[in-house]
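Hello,

I am passing a structure on to you, and I hope you enjoy looking through it. My notes on what turned up follow just below.

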Amino acid sequence: MTDAQFAAAALESAQASRNQLADKMRCPVYMHAIFGAMLGGLVASEAASDKGTLIIEGLIAVAALVYFVLGRRRLGFFVNGYRRGRTRPIALTLAGIYLVLFSLAAALKGSYGLHWPALALGALMFAIGTYGGYVWQKTYRAELLGEGGHR
């Protein structure tokens, strides 16, 4: 085998490994919905009393830990959402939207005693979080496969 043939075989093997990893990274739709529900739940928690908000936030923190553990068990590893690459802007955009919606819900509750906007904003965050998780995964998979666009 020549050096060129050996190099070509090594590149082919590496691409096959990346393809396998990309296939493994296909999460079921419900995983994106769970992610969206956790973000939406944090925003919607502002509809509860102060004590209720803390309890809900604690339960969501436990749910996030379970989500992490089960995801890691399923894949055998964990991919940081804020990793370098084309996925980082998606994660930062989701975090920014979450902060705006949560802050708005908290401000409306604190300043005007309005609890219901937190539920509406939580539903909006659920939809955005679910879609954002899907887009993040699609972008990550495309990056693994060496594609310019989404797959």
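Let me start with a question: within how many Å do the axes of helix α2 and helix α5 come, and at roughly what angle do they cross? The axes of α2 (residues 29-44) and α5 (residues 116-144) come within 7 Å and cross at roughly 150°. Here an axis is a line fitted to C-alpha atoms, for helices over the stretch in contact, and angles run from 0 to 180 degrees between N-to-C directions.

Before going further, a word on the source. This is a predicted model, where local features need pLDDT of at least 70 and side-chain atom pairs count only at pLDDT 80 or more, while totals for chains, interfaces and linings use all residues. Residues are numbered from 1 along each chain as its sequence is written, and side-chain values use heavy atoms, with hydrogens and water left out.

**The helices**

The protein chain has 5 helices and 0 strands, in the order α-α-α-α-α along the sequence. Helices (H or I, at least four residues) and strands (E, at least two) are DSSP runs, numbered from the N terminus.

Back to the opening pair: α2 and α5 are roughly antiparallel to each other. The classes are roughly parallel for angles under 35 degrees, roughly antiparallel for those over 145, roughly perpendicular for 65 to 115, and oblique for the rest. The α2 and α5 crossing is right-handed. A crossing gets that name if the near helix is turned clockwise from the far one by less than a right angle, and is left-handed if anticlockwise.

Helix α2 also packs against α3, at an angle of about 155° and with the axes 9 Å apart. That makes α2 roughly antiparallel to α3 as well, but α2 passes α3 in a left-handed crossing.

**Inside and outside**

Of the 151 residues in the protein chain, 32% are buried (buried means under 20% relative accessible area, exposed over 50%, partly exposed in between, with a 1.4 Å probe and protein chains only). Thr-53, in helix α3, is buried at a relative accessible area of 4%.

Together with Val-62 and Val-66, Leu-70 forms a nonpolar surface patch with about 260 Å² of accessible area. Patches take residues with over 30% relative accessible area and no salt bridge, joining like charges within 9 Å and nonpolar side chains (Val, Leu, Ile, Met, Phe, Trp, Tyr) within 5 Å. Accessible areas come from the Shrake-Rupley method with a 1.4 Å probe, and for residues only the protein chains shown count as cover.

**The salt bridges**

How many salt bridges does the structure hold? There are 2, each being a side-chain nitrogen of Lys or Arg within 4 Å of a carboxyl oxygen of Asp or Glu.

In one, Lys-109 meets Glu-46 at 3.9 Å, N to O. Lys-109 lies in helix α4 (residues 88-112) and Glu-46 in the loop between α2 and α3, so the pair ties together parts 63 residues apart in sequence. Lys-109 and Glu-46 are both buried.

Lys-109 also bridges to Asp-50, with the closest N and O atoms 3.4 Å apart. This pair links helix α4 to helix α3, across 59 residues. Lys-109 is buried at 12% relative accessibility, whereas Asp-50 is exposed at 59%. Through shared partners, Glu-46, Asp-50 and Lys-109 join into one network.

Best wishes
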